[in-house]
Amino acid sequence: MTLALRVLGIGPGDEVVVPANTFVATVEAIVLVGARPRFADVDPDTLLMTADTMKAAATPATRAAIVVHLYGQMADVDDLARGATELRIALLEDAAQAHGARWHSARAGSLGRVGCFSFYPGKNLGAFGDAGAVVTSDSALAERLRSLRDHGTASGGRYQHEVLGTNSRLDSLQAVVLTVKLRRLDGWNARRRRLVDHYRRLLDPELVQLVDQRPESQPVHHLAVARVRNRDQVREILVNKGIGTRIHYPTPCHQLPPYTRFSHVPLPVTESAAREILSLPLHPHMAERDVERVSATLTAAVLEARSS
Ligand SMILES: Cc1ncc(COP(=O)(O)O)c(C=O)c1O
């Protein structure tokens, strides 16, 4: 993401709009290139940035916005792209949690000027170690990215270093693993969708609200995120029954110590969601009966927490 921002010429004096509801790396990249993050709130149903929340956060110094397809759910990229055109800013995609997701027929990462992927082992497409990729349809940007990731080497010119670069190459061993696993990605994603549909059928929305998906999209459910009241108590009951859950993420980025100085306004939707979100067990090798057990135990836990 730092390379993606750099290749678009974003640096000191520039601002980049970013949802506060994301993994810290999205914001970190902005600060690492010397720009300032402008935190946007999110939609209450999807917990993703919208064109309206992006526009509310933008200022005349804003040069770009990074949309994050968090949890494997697609943000409304049509509206965001229109908003970005109005603001005359570049739209980048953080698709680290959305490998293979679609907005209409287009895949995550192919809709902005640049799309960024993480292949951290826990991702839908994970390497055997750390890895990542940047994609773009702009061949000039692609060439500059190839140079930046390899110590600023000019194309075809060994030891000709024309710009300040870095080592951000993908190592071959990881590339081999990813190439083999890529063939299975769509199948694994389809399995994740079936399991989440099963959760949806089994969970009473009065008690547990699964984060919404946009009808124009085909999500890939990197995470199955639900909202529940008395979340911490519910989590404790679940853990005592042998069901582990996570919180993605317990502190929104604008409230994390390195980034509070960039936080100017309250972000009510993000802040209230952070108190209620709960990531349920989900991976493509789970069985339907696992989903059934989690759903039944979760429902009982929510009722128990309410009555205590
Ligand atoms: C939304 C999001 N953005 C960025 C990243 C950063 O990925 P990496 O740790 O591979 O740089 C992650 C991964 O954890 C992520 O979930």
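Because the model is predicted, local features need pLDDT of at least 70 and side-chain atom pairs count only at pLDDT 80 or more, while totals for chains, interfaces and linings use all residues. Residues are numbered from 1 along each chain as its sequence is written.

We may start with the sheet. Helices (H or I, at least four residues) and strands (E, at least two) are DSSP runs, numbered from the N terminus. Three strands make up an open sheet in the order E6-E5-E12, with antiparallel pairing; two strands pair if DSSP finds at least two bridges between them. Strand E6 (106-107) and strand E12 (217-218) are the edge strands, each pairing on one side only. Strand E5 (residues 102-103) is joined to E6 by two bridges, and these two strands run antiparallel. Within this pairing, Arg102 has Arg107 of E6 as its bridge partner. In general, strands of a sheet pair through backbone hydrogen bonds, either parallel or antiparallel.

The helix pair comes next. Helix H7 (residues 231-240) packs with helix H9 (residues 288-307) at an angle of about 130 degrees, and their axes are 9 Å apart. Here axes are lines fitted to C-alpha atoms, for helices over the stretch in contact, and angles run from 0 to 180 degrees between N-to-C directions. That angle makes H7 oblique to H9, since angles under 35 degrees count as roughly parallel, over 145 as roughly antiparallel, 65 to 115 as roughly perpendicular and the rest as oblique. On the H7 side the contact is made by Gln233, Val234, Ile237 and Leu238, and on the H9 side by Thr297, Leu298, Ala301, Val302, Glu304 and Ala305; two residues are in contact if their C-beta atoms, placed from the backbone, lie within 7 Å. The residues of this contact divide into seven nonpolar, two polar and one charged. In this division Ala, Val, Leu, Ile, Met, Phe, Trp, Tyr, Cys and Pro count as nonpolar, Asp, Glu, Lys and Arg as charged, and the others, Gly among them, as polar.

Most residues other than glycine have a negative phi, and most peptide bonds are trans. His104, in the loop between E5 and E6, has a positive phi of about 50 degrees although it is not a glycine. His104 counts as exposed because it has 11 C-beta neighbours inside 10 Å; a residue is buried if 20 or more other C-beta atoms lie within 10 Å of its own, exposed if 12 or fewer, and partly exposed in between, with C-beta atoms placed from the backbone. His221 also has a positive phi, near 45 degrees, and is found in the loop between E12 and strand E13 (224-227). With 28 C-beta neighbours inside 10 Å, His221 counts as buried. A cis peptide bond, with omega of about 15 degrees, joins His248 and Tyr249, and Tyr249 is placed in the loop between H7 and helix H8 (268-274).

That loop between H7 and H8 also holds Gly244 and Leu267. Gly244 counts as exposed, with 10 C-beta neighbours inside 10 Å, whereas Leu267 counts as buried, with 24. Not counting residues up to four places away in sequence, Gly244 touches Val239 and Pro281, and Leu267 touches Ala20, Phe39, Asp41, Pro252 and His254. The C-alpha atoms of Leu267 and Asn21 are separated by 9.7 Å, although these residues are 246 residues apart along the chain.
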